[in-house]
Structures are given as structure tokens and as C-alpha cells.
Amino acid sequence: QMAMYLCRELTDLSTTQIGRIFDRDHSTIINSIKKIKNEMRDNPALASSVKDLMTNLSEKGETQVF
């Protein structure tokens, strides 16, 4: 679910495109993104870790994999 969330946040891919990558329906991607957002809202430590991860991935250009 975290990988799906990161794909959505760090790329211009649609939920349908992300679903194809993970062999899942776009609705599964939407639900996964919502779940991670809710967990981040309820857990500041998780939100901070995700923010750091996104920064590190963006700096390294890892988002260009897709």
C-alpha cells in the first residue's frame, strides 16, 4: 500500500496505470492511498517517515523508473 501511495504522490501516473503495475484494480489503488493518508494523519511518526522517504526518492531521481 505504501508503494502504491508513493507512486501516486511521486509520479503523474493515474490510479489505473498504477493498478496495472501492481496487477490490481484502480479501486484497490484508491483504497490503499486513502488508508495510508489516514494512517499518516493518525500517526505523526509515520507521516514524518513518509515525508523523508519521498524527499530521498525525489532527490535521487528514483521517480523516473516508471
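I began with Lys35, which is partly exposed at a relative accessible area of 39%. My cut-offs: buried is under 20% relative accessible area, exposed over 50%, partly exposed in between, with a 1.4 Å probe and protein chains only. The model is predicted, so I took local features at pLDDT of at least 70 and side-chain atom pairs at pLDDT 80 or more, while totals for chains, interfaces and linings use all residues. Residues are numbered from 1 along each chain as its sequence is written, and side-chain values use heavy atoms, without hydrogens and water.

**Salt bridges**

I searched the whole structure and found two salt bridges (a side-chain nitrogen of Lys or Arg within 4 Å of a carboxyl oxygen of Asp or Glu). Lys35 pairs with Glu39 at 3.7 Å, N to O. Glu39 is partly exposed, at 31% relative accessibility. Arg41 bridges to Asp42, with 3.3 Å between the closest N and O atoms. Both Arg41 and Asp42 are exposed.

**Helix 2**

I then looked up helix 2, residues 15–22. Helices here are DSSP runs of H or I, at least four residues, numbered from the N terminus. Which residues of helix 2 are buried? They are Thr15, Ile18 and Gly19. After helix 2 comes Asp23, with a positive phi near 55 degrees.

Terms used
Helix = DSSP H or I, 4+ residues; strand = E, 2+ residues; numbered from the N terminus.
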